[in-house]
Amino acid sequence: MDVEKRAGAIPMNEGEELDEALAVFNAHRRRLFGIAYRMLSTVADAEDIVQETWIRWQNTDRAAIREPVAFLTTVTTRLAINVLQSSRSRRETYIGPWLPEPVNTEDDPALGAERAEALQFAILLTLEKLTPTERAAYILREAFDYPYPRIAEVISSSVVSARQLVSRARAHLASPRKASVESTAQRDLLEAFLTAAQKGDAQELEALFAADVVSYTDGNGAKLAARIPVIGRRRVATFVAAFAHHFWEGKSIEWVHVNGQPAATLEEGGRITTLVTATTSSDGIVQLLWVMSPAKLERLNAISA
């Protein structure tokens with residue numbers, strides 16, 4: 001339910017006070033969503049966190065709060081930490097690999113954060129390996145440039161601990177593979193991949209891949225979705241070439257920008273059925289990421305409709 005609709009349930013004699021509370025909240029809403037999405041990697045969960053933060057802001061003694069943005073950030077982050085701790089057990093029942101939900105960063109302003117850190121797929125996937133508190137500290141520091149004393153307040157730790165958490169998170173992201181996600185050749189390689197994939201040319205595909213390339217397909221049981229990762233240059237090339245004769249038939253390809261990186265959508269009958277993007281390095285494509293879960297494509301379809 002929209003915040004504005006909830007506001008209508010408040011007595012009219014509190015209208016001016018509520019209008020002011022709503023104005024303050026909306027001024028920071030994009031940042032709150034940006035934090036929650038980077039923490040949880042799903043839009044619905046992030047929206048739920050933002051809504052719950054609004055409820056708590058609405059019901060708190062706002063006159064006693066000197067820094068509204070600090071209060072809102074703290075509530076959002078702590079709620080996201082709690083949700084992340086429980087969501088990991090839910091994902092154990094997921095069918096096949098789990099990938100972040102793609103967000104169109106051209107048409108969807110909800111991710112209007114200052115910096116792109118912890119937004120691309122490769123980084124979000126790596127952050128899945130961190131503890132919820134490590135993830136929160138890294139996101140607040142790298143994506144939103146929060147000072148360490150403020151991070152410590154948000155996650156209820158000392159400044160020294162906050163620095164250590166961010167340092168550990170950076171170490172996870174410092175491997176050659178993770179450091180390469182900003183490759184300027186990303187779209188060129190993805191275009192070349194799509195051309196070779198439609199032809200079913202395994203040799204041409206192999207030439208595009210790094211030796212340890214991995215193909216992940218998030219389908220949660222969807223038809224034609226691979227349920228296990230495919231690893232290695234030859235295996236991935238053979239895998240992609242094997243379905244060339246039927247997978248691409250009747251589909252049109254469009255370009256979008258999701259999570260701060262180029263991606264291609266495959267549309268059939270006016271609906272997006274697949275999104276494919278890649279993580280690249282100087283060695284070639286190191287990750288192929290296919291999103292085929294209808295639930296995770298729902299918002300992209302709504303935008304393109």
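**Contacts, burial and ring pairs**

Tutor: Asn301 touches Arg271 and Ile272, where residues up to four places away in sequence are not counted and a contact means heavy atoms within 4.5 Å. This is a predicted model, in which local features need pLDDT of at least 70 and side-chain atom pairs count only at pLDDT 80 or more, while totals for chains, interfaces and linings use all residues. Residues are numbered from 1 along each chain as its sequence is written, and side-chain values use heavy atoms, with hydrogens and water left out.

Student: Is Asn301 buried or exposed?

Tutor: Asn301 lies in helix α14, which covers residues 294–304; helices (H or I, at least four residues) and strands (E, at least two) are DSSP runs, numbered from the N terminus. A residue is called buried under 20% relative accessible area, exposed over 50% and partly exposed in between, using a 1.4 Å probe and protein chains only. Because the relative accessible area of Asn301 is 4%, this residue is buried.

Student: How many aromatic pairs does the structure hold?

Tutor: Rings of Phe, Tyr and Trp (its six-membered ring) pair if their centres lie within 6.5 Å, and planes under 30 degrees apart count as stacked, over 60 as edge-to-face and the rest as tilted. By this rule, the number of aromatic pairs in the structure is eleven.

Student: What kind of aromatic pair do Phe247 and Trp290 form?

Tutor: Phe247 belongs to helix α13 (residues 244–247) and Trp290 to strand β6 (residues 284–291), so that the pair links parts of the chain 43 residues apart. Phe247 counts as buried at 5% relative accessibility, and Trp290 counts as buried at 2%. With 5.9 Å centre to centre and 85° between the planes, the pair is edge-to-face.

Student: Why is the pair of Trp248 and Trp290 given its class, and what is that class?

Tutor: Trp248 lies in the loop between α13 and β3 (252–258) while Trp290 is in strand β6, so this pair ties together parts that are 42 residues apart in sequence. The ring centres of Trp248 and Trp290 are 6.3 Å apart and their planes stand at 55°, so the class is tilted.

Student: Which ring does the charged end of Arg187 sit over?

Tutor: A charge sits over a ring if NZ of Lys or CZ of Arg is within 6 Å of the ring centre and within 35 degrees of the ring normal. For Arg187, the charged end is 4.0 Å from the ring centre, and the ring is that of Trp255.
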